[in-house]
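Could you walk me through this structure? I am new to it and would like an explanation in plain paragraphs.

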Amino acid sequence: DHLWLDQDESISIQQLLLPKARLVFYELNKVLDDSIALKLALSTNSGAPSDNVRLSVLELLQTDDEPEINFTEAELSIGMKAAKVKYDKATFRKWKKARKQAEKD
């Protein structure tokens, strides 16, 4: 059997899951980039970086960067109440900051 959703349900699900999917997508890309950098930093072949570069790469990989979420104009135009329902706490805070910044611009 197939699960069929009407348009309102699919929009609601999209609003709930899209921010989470963006966050996971960002995190997965960061993990991929970090793993490539780590592989290069630890390599021992003839083109391997110097020890200073290796140390710099390892230090950069240890920093905890907060992922940035780019909200669309439509997402920034929703009301505060709707955003509270739509996003988790951390994403809601980022949405508020992004909305405030967009109002300044």
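**A walk that starts from the inside**

The largest cavity has a volume of about 40 Å³. A cavity here is a set of points, on a 1 Å grid over the protein atoms alone, where a 1.4 Å probe fits but cannot get out. The grid points are joined across faces, edges and corners, and the volume is the space filled by probe spheres set on the points. Rolling a probe the size of a water molecule over the atoms shows where empty space is left. The structure holds one cavity of 30 Å³ or more.

Before going further, a word on the model and its numbering. This is a predicted model, in which local features need pLDDT of at least 70 and side-chain atom pairs count only at pLDDT 80 or more, while totals for chains, interfaces and linings use all residues. Residues are numbered from 1 along each chain as its sequence is written, and side-chain values use heavy atoms, with hydrogens and water left out.

Which residues line the largest cavity? They are Leu-16, Pro-19, Lys-20, Lys-86, Tyr-87, Asp-88 and Thr-91, where a lining residue has an atom within 4 Å of a point. By kind, the lining divides into three nonpolar, one polar and three charged residues. In this grouping, Ala, Val, Leu, Ile, Met, Phe, Trp, Tyr, Cys and Pro count as nonpolar, Asp, Glu, Lys and Arg as charged, and the others, Gly among them, as polar. Helix H1 (residues 7-42) gives the most to this lining, with three residues. Helices are DSSP runs (H or I, at least four residues), numbered from the N terminus.

Let us visit some of these lining residues in turn. Tyr-87 sits in the loop between H4 and H5 and is buried, at a relative accessible area of 6%. Buried means under 20% relative accessible area, exposed means over 50%, and partly exposed is in between, using a 1.4 Å probe and protein chains only. Tyr-87 and Pro-19 are 68 residues apart in sequence, and their C-alpha atoms are 7.5 Å apart in space. Not counting residues up to four places away in sequence, Tyr-87 touches Pro-19, Phe-71, Glu-75, Ile-78, Phe-92 and Trp-95; contact means heavy atoms within 4.5 Å.

Thr-91 belongs to helix H5 and is buried too, with 6% relative accessibility. Setting aside neighbours within four places in sequence, Thr-91 has contacts with Pro-19, Ile-69 and Phe-71.

Lys-86 is part of helix H4 (residues 80-86). A salt bridge is a side-chain nitrogen of Lys or Arg within 4 Å of a carboxyl oxygen of Asp or Glu. Beyond its neighbours within four places in sequence, Lys-86 is in contact with Gln-15, Leu-16, Glu-75 and Ile-78.

Glu-75 leads on to the charged pairs. Side chains of opposite charge can pair when their charged atoms come close. The rule gives a count of four salt bridges. In one of them, the side chains of Glu-75 and Arg-22 meet at 3.0 Å, N to O. This pair links distant parts of the chain, 53 residues apart, with Glu-75 in helix H3 (residues 73-77) and Arg-22 in helix H1. Glu-75 is buried, at 5% relative accessible area, whereas Arg-22 is partly exposed, at 27%.

Another salt bridge joins the side chains of Lys-30 and Asp-34 (3.3 Å, N to O). Both residues lie in helix H1, four residues apart, about one turn of the helix. Lys-30 is partly exposed at 24% relative accessibility, and Asp-34 is partly exposed at 23%.

In helix H5 (residues 89-104), Glu-103 and Arg-99 are likewise four residues apart, about one turn of the helix. Their side chains form a salt bridge (3.7 Å, N to O). Glu-103 is exposed, with a relative accessible area of 59%, while Arg-99 is partly exposed, with 22%.

Our last stop is Leu-38, in helix H1. Leu-38 is partly exposed, at 34% relative accessible area, and touches Leu-58 and Leu-61, residues up to four places away in sequence not being counted.

Methods: On a 1 Å grid over the protein atoms alone, a cavity is a set of points where a 1.4 Å probe fits but cannot get out, and a pocket is an open set with protein on both sides within 12 Å along at least five of seven lines; lining residues have an atom within 4 Å of a point. Helices (H or I, at least four residues) and strands (E, at least two) are DSSP runs, numbered from the N terminus.
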